[in-house]
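Subject: Structure handover

Hello,

Here is the structure I promised to pass on. Please open it first, then read my notes below.

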Amino acid sequence: MSIPGFTGLRTWWAGRPSAAGAAVMASGIVSVGLHLTGPETVSLVFLWLACLAWLALAADFAVRLVTQRPRWLAEAKSPGALSAVAATTVVGTRFSLLGRQSLAEAALALAVLLWPVLLLLVVRHWGRRMPGAVFLCCVATQGLAVLAATLAAAETTAWLARAALVLFWLGLVFYGLALARFDPRQVLEGAGDHWIAGGALAISALAGAKLLAADSARLYLWNDDDRGVLRDVTVTLLMLDLACCVVLLAAEVARPRLRFDVRRWSTVFPLGMTAASTLSVAAVLNIGRLRGPGQALVWLAVAVWLAVAAGAVLAARAGLVRAR
């Protein structure tokens, strides 16, 4: 005997795309941005929303792996599959900032296990003209770098910081490879995930800021030359990210795409990540004039998150009605 409404809910959930992990990424990074600006209670609300969504998606991931192997494999070949890695690292980073290092370590371990498997499957099935989700190869790799560097600073672990540095440079290589595959028409035609082109630059800048922050007299990770290169690359990445956001925003104004699409969560994530990277770079390099724009970007990300969440609720409601 079926429970009224349950069948419709199950049908609607079964149609969820693999890129839905971007909702976890968006909620998690908004939580990080709010933590950096001060309203901790609101930040924790977004963290728990991210955790609930992550648990639901993780359970679905495991069930499909065991009971629907062909479908799992088909979805694992799409670029959106890497959102599972990125989402795990974002939530893990927030846990580390909260002082829950054991949970952050568990998130890093899980992400490290998933990353090479999903990355290999995704890259082997790249096409010539790809949507913005192609940049998730960079985002997932830099997510590992951010979480590893954050843990290295919290636990004074030099080898973890050096591993994060390797991931940082590898992430930039993946950005270049993804850029060569990205279809530039997506800037005017994309349904939301084209913003990941900017989000990948933002998380790369955040990784650079975290690497700089991890250095200390006790660890002595980088000499003056190393630090100078890291500083210059990090600032350059942030400036490129801000320029990219301006271009993407102008394209949204020129070609409005107001209908809800689940890929709009991939618009929230880059905005939140740009805010977090701007605030982090401002703090680690003592650039006070960046703090104001960073705070403004946090609240812009919150506003866009609320708009996308409202669209998601309405779309889910319509989906449930159709599935009955």
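Start with α3 and helix α4 (residues 69–76). They pack at an angle of about 125°, with their axes 5 Å apart. Axes are lines fitted to C-alpha atoms, for helices over the stretch in contact, and angles run from 0 to 180 degrees between N-to-C directions. Helices here are DSSP runs (H or I, at least four residues), numbered from the N terminus. α3 and α4 are therefore oblique to each other. For the cut-offs, angles under 35 degrees are roughly parallel, over 145 roughly antiparallel, 65 to 115 roughly perpendicular, and the rest oblique.

On the α3 side, the contact (heavy atoms within 4.5 Å) uses Phe61, Arg64, Leu65 and Thr67. On the α4 side, Arg69, Arg71, Trp72 and Glu75 take part. By class, that contact has three nonpolar, one polar and four charged residues. Ala, Val, Leu, Ile, Met, Phe, Trp, Tyr, Cys and Pro count as nonpolar; Asp, Glu, Lys and Arg as charged; the others, Gly among them, as polar.

A note on the source: this is a predicted model, where local features need pLDDT of at least 70 and side-chain atom pairs count only at pLDDT 80 or more, while totals for chains, interfaces and linings use all residues. Residues are numbered from 1 along each chain as its sequence is written, and side-chain values use heavy atoms, with hydrogens and water left out.

Next, the other helix pair. The axes of helix α2 (residues 21–37) and helix α3 (residues 40–67) come within 8 Å and cross at roughly 160°. That makes α2 roughly antiparallel to α3. Residues in this contact include Val24 and Leu34 of α2, and Phe46 and Trp54 of α3. The contact divides into ten nonpolar, six polar and one charged.

Now the inside. The structure holds one cavity of 30 Å³ or more. On a 1 Å grid over the protein atoms alone, a cavity is a set of points where a 1.4 Å probe fits but cannot get out, and lining residues have an atom within 4 Å of a point. About 100 Å³ of space lies in the largest cavity; a volume is the space filled by probe spheres set on the points, which are joined across faces, edges and corners. The lining has 14 residues, with Ile29, Val32, Thr93, Val146 and Leu206 nearest the centre. α5 gives the most to that lining, with four residues. The lining splits into nine nonpolar, four polar and one charged.

Best wishes

Terms used: Helices (H or I, at least four residues) and strands (E, at least two) are DSSP runs, numbered from the N terminus. On a 1 Å grid over the protein atoms alone, a cavity is a set of points where a 1.4 Å probe fits but cannot get out, and a pocket is an open set with protein on both sides within 12 Å along at least five of seven lines; lining residues have an atom within 4 Å of a point.
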